[in-house]
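Subject: Structure handover

Hello,

Here is the structure for your work. My notes on what was found in it follow below.

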Amino acid sequence: MDISATPTDPRAFKSFAEFYPFYLTEHSNRTCRRLHFVGSTLSLLCVAWAVATRQPSFLLVGLLCGYGFAWVGHFGFEKNKPASFKRPLYSFMGDWAMYRDIWRGRVPF
């Protein structure tokens with residue numbers, strides 16, 4: 001897929017497969033990607049803690065960690081608005097796809 005020919009409005013994508021390359025271009029800053037990775041890891045730990053302790057309030061903490069770190073990355077380092085404002089489901093899926101791809105070495109950490 002030619003990234004330069006993709007629409008800049010995230011709402012224009014018809015599938016996640018079309019959206020994901022755009023998502024990665026919105027995360028070209030290494031610090032932003034690292035903040036996403038840390039936020040996602042903390043979110044997973046919060047979910048595990050919520051299940052282990054049967055305290056669902058940690059799910060909220062997990063959401064705050066995940067989105068908080070990501071938004072600091074976007075506003076502070078990437079200098080763009082998160083795609084989650086226009087495509088929340090695809091952006092959520094993109095977060096976890098990028099997390100997986102960082103672990104696999106497909107996306108630089």
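Leu60 is exposed, because its relative accessible area is 53% and the cut-off for that class is over 50%. This residue belongs to helix α3. Please bear in mind that the model is predicted.

Backbone

Arg54 also has a backbone angle to note: phi is positive, about 55°, although the residue is not a glycine. Arg54 sits in the loop between α2 and α3. Lys79 has a positive phi as well, near 60°, and is likewise a residue other than glycine. The loop that holds Lys79 is the one between α3 and α4. With 64% relative accessibility, Lys79 counts as exposed.

Helix α1 covers residues 16-25, and within it Phe19, Tyr20, Phe22 and Tyr23 are buried. What do the buried residues of α1 pack against? Their partners are α2 and α4.

Phe16 is also part of helix α1. Setting aside neighbours within four places in sequence, its contacts are Tyr90, Met93, Gly94 and Ala97. For one of these, Gly94, the C-alpha separation from Phe16 is 8.1 Å, although the two are 78 residues apart along the chain.

The largest nonpolar core has 13 residues, and those touching the most other members are Phe19, Tyr20, Phe22, Tyr23, Met98, Ile102 and Val107. Both α1 and α4 supply at least two residues of this core. The largest share, 5 residues, comes from α4. As for Met98, when residues up to four places away in sequence are not counted, it touches Tyr20, Tyr23, Leu24, His27, Arg33, His36 and Val107.

Aromatic rings

How many aromatic pairs are there? The count comes to 19. One of them joins Phe13 and Phe22, with 5.3 Å centre to centre and 35° between the planes, which makes the pair tilted. Phe13 and Phe22 are both buried. Ring pairs also link Phe13, Phe16, Phe19, Tyr20, Phe22, Tyr23 and Tyr90 into a cluster.

Pocket

The largest pocket has a volume of about 240 Å³. Its lining is made up of 15 residues, and Ser43, Gly62, Leu63, Phe92 and Trp96 lie nearest the centre. Which helices each supply at least two residues of this lining? They are α2 (30-53), α3 (57-78) and α4 (88-103). By class, the lining of the pocket divides into 8 nonpolar, 6 polar and 1 charged.

Cavity

There is 1 cavity of 30 Å³ or more in the structure. The largest cavity holds about 70 Å³ of space. The residues that line it are Tyr23, His27, His36, Tyr67, Ala70, Trp71, His74, Pro82, Ala83, Ser84, Ser91 and Asp95. Helices α3 and α4 each supply at least two residues of that lining, and the largest share, 4 residues, is from α3. Sorted by class, the cavity lining has 6 nonpolar, 5 polar and 1 charged residues.

Tyr23 lines the largest cavity and is among the residues of the largest nonpolar core that touch the most other members. His27 and His36 line the cavity too, and Met98 touches both.

Regards

How values were computed:
Residues numbered from 1 in each chain as written. Predicted model: local features only at pLDDT ≥ 70, side-chain atom pairs only at ≥ 80, totals over all residues. Heavy atoms only, no water. 1 Å grid on protein atoms, 1.4 Å probe; cavity = no way out; pocket = protein on both sides within 12 Å on 5 of 7 lines; lining within 4 Å. Points joined across faces, edges and corners; volume = space filled by probe spheres on them. Nonpolar A, V, L, I, M, F, W, Y, C, P; charged D, E, K, R; others polar. Buried < 20%, exposed > 50% of the residue type's maximum accessible area, 1.4 Å probe, protein only. Contact = heavy atoms within 4.5 Å. Core = buried A, V, L, I, M, F, W, Y, C linked by side-chain atoms within 4.5 Å. Phe/Tyr/Trp six-rings, centres within 6.5 Å; stacked < 30°, edge-to-face > 60°.
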